[in-house]
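Good morning, colleagues. Please look at the sequence and structure now.

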Amino acid sequence: VQLQASGGGLVQAGDSLRLSCVASGRTFTFGYVAMGWFRQAPGKEREFVATIDWSGGATYVADSVKGRFTISRDNAKNTVYLQMNSLEPDDAAVYYCAARGTGRAHYMASSPGDYDYWGQGTLVTVSS
């Protein structure tokens with residue numbers, strides 16, 4: 001399973017970015033599993049950002065980004081998105097997409113340990 005994240009970049013505070021993550025793999029059925037976004041800033045632990053269930057009908061975002069970030073998915077395109085609005089300097093980090101693959105894979109999860117597959121990350125830098 002490969003997860004390819006893209007869309008990061010350098011923006012100013014208050015700007016928006018949309019991250020994308022395309023999933024592929026011969027034995028991987030994207031439309032059956034929940035997906036998540038996490039981030040990691042230098043010197044900090046990996047932090048949960050958002051998750052979406054297999055159908056896209058349920059989402060959950062961290063309190064720190066609630067009202068500013070939205071997660072969505074397009075199962076026909078094997079892609080999950082993270083729309084980030086009103087970006088703040090504290091949002092600067094490497095953002096990782098992740099896919100569940102075992103256990104209750106349909107359902108949302110906020111712990112990194114619940115995810116089996118990880119993308120390579122895309123860097124978001126926010127200047128003040």
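The link of cysteine 21 and cysteine 97 is right-handed, with 55 degrees about the S-S bond. The S to S distance of this disulfide is 2.0 Å, where a disulfide is a pair of cysteine sulfur atoms within 2.5 Å. Cysteine 21 belongs to strand β3 (residues 17–24) and cysteine 97 to strand β9 (residues 93–99), 76 residues apart; strands are DSSP runs (E, at least two residues), numbered from the N terminus. A search of the whole structure finds one disulfide.

This is a predicted model: local features need pLDDT of at least 70, side-chain atom pairs count only at pLDDT 80 or more, and totals for chains, interfaces and linings use all residues. Residues are numbered from 1 along each chain as its sequence is written, and side-chain values use heavy atoms, without hydrogens and water.

Are the two cysteines buried or exposed? Cysteine 21 is buried, at 0% relative accessible area, and cysteine 97 is likewise buried at 0%. Buried means under 20% relative accessible area, exposed over 50%, and partly exposed in between (1.4 Å probe, protein chains only).

I turn to the rings. Phenylalanine 38 and tryptophan 118 form a tilted pair, 5.1 Å centre to centre with 55 degrees between the planes. Phenylalanine 38 lies in strand β4 (residues 35–40) and tryptophan 118 in strand β10 (residues 117–118), so the pair ties together parts 80 residues apart in sequence.

Methods
Helices (H or I, at least four residues) and strands (E, at least two) are DSSP runs, numbered from the N terminus. Rings of Phe, Tyr and Trp (its six-membered ring) pair if their centres lie within 6.5 Å; planes under 30 degrees apart count as stacked, over 60 as edge-to-face and the rest as tilted.
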